[in-house]
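Visitor: I have a model open and want to learn how to read it. Where do we begin?

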Amino acid sequence: MIHGILGIWNYWIVIILMMTGLFIVISRHNLVKKMVGLTIFQTSVFLFYISLGKVQGGTAPILTGYKDSLYSNPLPHVLILTAIVVGVATTALGLALILRIKSEYGTIEENEIAKLNTEENSK
Amino acid sequence: MIDLIAIENHLPALQVVIPLLLAPFAILVSLPFLSWLVALFGSLFCLYSSVSLFFHVSEFGKINYFMGGWLPPYGIEYVIDDASSFMIVLISLMGVFATIFAYQSLKKEINKKSQSKVYGMWLLALGGLLGLVTTGDAFNLFVFLEISSLSSVTLVALGSKNDKRALTAAFNYLLIGAVGATFYVIGVGLLYSVTGTLNIADLTIKISELTGNNSVKAGISFIIIGLMVKAAIFPLHIWLPSAYTFAPSAVAVLLTATATKAALYVLARILFTLLFNADDFTVIILQWVLLPASIVAIFFGTIRAIFEKDIKKLLAFSSLSQIGYITIGLTLGTASGIMASFIHIANHSMMKAALFMGIGAISIQLNKSINVDDLKGLSKSMPVTSISLTVVILSLLGIPLTIGFISKVYLLKAVFSHGNWPILFIIVLTSFLALGYAWQMIENIWMKQPGDTTLTIKDDPKIYIPLVVLAVFNIIFGIYAYPIVNSAFNASAAIFWKAL
């Protein structure tokens with residue numbers, strides 16, 4: 001039982017990171033911290049995919065000339081390369097928006113922005 | 001010499017690649033008018049390719065296009081069947097209308113220096129959505145989901161010239177959208193871990209052998225939640241009202257007509273093509289997740305719209321309730337229900353796009369967000385816009401001879417044959433409730449004396465042409481509904497029957 005749980009410790013790390021990231025996104029008021037949370041959340045998914053591709057004792061998937069060489073599954077790595085690019089784009093866009101929000105509102109705290117927005121609404 | 005026949009064969013790829021390739025050109029030419037021409041050319045090309053694909057598919061059947069000649073399940077496959085060709089025609093047609101409307105509207109509504117850049121994002125959004133509905137690869141679908149949503153976030157944020165709240169709306173859209181997309185990736189990863197494939201057709205076969213597998217259930221749940229965020233289905237709709245309200249009018253037109261609709265289509269395909277054999281679990285999702293969500297969405301959207309004064313926000317909440325009608329059709333789990341959903345996807349795109357165009361035409365001239373009171377006496381100052389708006393509002397209510405009526409009839413017919421009386425009652429009741437928000441617009445337009453502001457504005461042919469065409473479509477397809485109904489029937493058959 002214990003062995004079964006510990007044997008998949010990498011997935012436990014994925015779940016812990018995932019929940020940490022999602023919790024930060026939901027609970028923090030600072031927009032930059034929200035982006036940090038989002039990045040942690042996405043990174044946990046990258047780890048999840050890479051764990052899937054790992055074959056015990058396998059090497060890098062490179063043609064070596066040996067016939068029966070055991071290698072890890074390269075496909076999840078390729079997918080995650082794409083997902084990392086998407087993640088970088090998301091973070092860049094988010095940070096750019098935060099810059100604009102800072103210059104328009106003068107703050108990046110969500111509750112203060114919400115207060116300013118309600119003032120704007122009642123105008 | 002370029003071989004024309006060879007180009008025809010590659011249309012499934014080109015309709016996605018051309019807008020993506022044109023996007024940097026639209027940014028580089030840096031003259032707003034030229035950039036707009038590039039965008040218009042891109043959207044017209046998409047319309048051409050999607051229409052010719054549509055006719056090709058309806059004549060010769062489904063097209064499987066292998067990207068780069070790599071065969072599935074290893075290569076990426078683009079599937080153009082009756083359902084996805086229905087969607088690409090809808091998206092590119094609405095894309096053309098929105099692009100024509102965009103030039104005048106964006107000229108007034110966004111900063112001068114971003115005017116040519118906006119069309120780059122515009123084309124990216126269009127290409128992303130077209131890719132989203134045609135791709136047959138689960139991970140490729142994620143990439144297109146992100147291309148389209150990142151570019152729509154940028155487009156929404158451009159509304160910040162008039163109202164700084166556009167920035168927070170865009171940020172929330174980005175954050176919630178990114179979490180939704182990541183949920184989708186987790187789901188795909190879980191499915192990949194048990195099936196070892198990403199091709200949707202291949203996944204369908206492999207999943208059907210794995211009924212009751214918990215990884216599959218968890219993966220599907222993650223995917224459905226992720227797509228519900230993108231489609232703005234009730235509890236996950238938070239980003240939608242503010243994004244539509246503060247976005248530039250043309251962007252609201254594009255997003256309402258295409259973005260949520262593409263996500264709804266993908267949801268339908270996951271539910272009915274991918275899951276056709278996991279019966280118990282599909283029923284649980286439909287009956288206990290989507291059905292309550294869409295009923296609450298219909299009530300919540302309608303009631304919030306009744307008490308809303310800002311018209312763009314009113315329309316956004318009305319969109320929420322209309323998305324509820326679309327998902328109710330899906331939850332029936334019958335071919336006629338899916339057909340009703342497809343009819344309403346097309347019809348709601350046309351209605352909401354026209355409404356946002358009409359309201360946009362007014363707000364461009366008044367240079368502010370429009371309240372219900374601002375519509376007072378509009379019939380005197382803007383007769384053409386008023387008549388078109390009224391037609392579309394009546395269509396939204398489901399008055400006979402309009403497309404809204406066709407939607408309601410087929411939805412009610414599907415619910416009726418399913419025998420689900422409470423839902424039938426709810427649909428009829430909420431249709432009457434919708435009068436609450438629609439009537440105050442009509443009343444203000446036609447029966448009130450104009451205020452001071454309304455008298456200063458007048459019709460502008462450059463702006464109202466796409467609106468009038470869409471309003472005419474609302475009537476034409478309301479009387480001669482065969483094209484939409486028939487292609488929606490084929491689409492539902494492609495998604496549902498063949499799978500069984």
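Guide: Start with a facing pair: Y65(B) stands opposite Y78(B), which lies in strand 2 of chain B. Keep in mind that this is a predicted model.

Visitor: In which sense do strand 1 and strand 2 of chain B pair, and over how many bridges?

Guide: The sense is antiparallel, with four bridges joining strand 1 (residues 63–66) to strand 2 of chain B.

Visitor: How do I read the two faces of a strand?

Guide: Side chains in a regular strand alternate between the two faces of the sheet. Now take strand 2 (residues 77–80) of chain B: E77(B) and V79(B) are on one side, Y78(B) and I80(B) on the other. These four are all buried, and both faces are covered.

Visitor: And packed helices?

Guide: Two numbers describe them: the angle between the axes and the distance between the axes. For helix 14 (residues 335–366) and helix 20 (residues 461–479) of chain B, the angle is about 150 degrees and the axes are 9 Å apart. An angle over 145 counts as roughly antiparallel, so helix 14 of chain B is roughly antiparallel to helix 20 of chain B. Their crossing is left-handed.

Visitor: Which residues of helix 14 of chain B meet helix 20 of chain B?

Guide: Among them are M350(B), A354(B) and I364(B); the helix 20 side includes L467(B) and F473(B).

Visitor: How many residues does each chain bring to the contact between chain A and chain B?

Guide: Chain A brings 26 residues and chain B brings 24. On chain B, helix 7 gives the largest share, 15 residues. That side of chain B has 15 nonpolar, six polar and three charged residues.

Definitions and conventions. Residues are numbered from 1 along each chain as its sequence is written. Chains are lettered from A and ligands numbered from 1 in the order in which they are written. This is a predicted model: local features need pLDDT of at least 70, side-chain atom pairs count only at pLDDT 80 or more; totals for chains, interfaces and linings use all residues. Two residues are in contact if their C-beta atoms, placed from the backbone, lie within 7 Å. Helices (H or I, at least four residues) and strands (E, at least two) are DSSP runs, numbered from the N terminus. Ala, Val, Leu, Ile, Met, Phe, Trp, Tyr, Cys and Pro count as nonpolar, Asp, Glu, Lys and Arg as charged, and the others, Gly among them, as polar. A residue is buried if 20 or more other C-beta atoms lie within 10 Å of its own, exposed if 12 or fewer, and partly exposed in between; C-beta atoms are placed from the backbone. Two strands pair if DSSP finds at least two bridges between them. Axes are lines fitted to C-alpha atoms, for helices over the stretch in contact, and angles run from 0 to 180 degrees between N-to-C directions. Angles under 35 degrees count as roughly parallel, over 145 as roughly antiparallel, 65 to 115 as roughly perpendicular and the rest as oblique. A crossing is left-handed if the near helix is turned anticlockwise from the far one by less than a right angle, and right-handed if clockwise.
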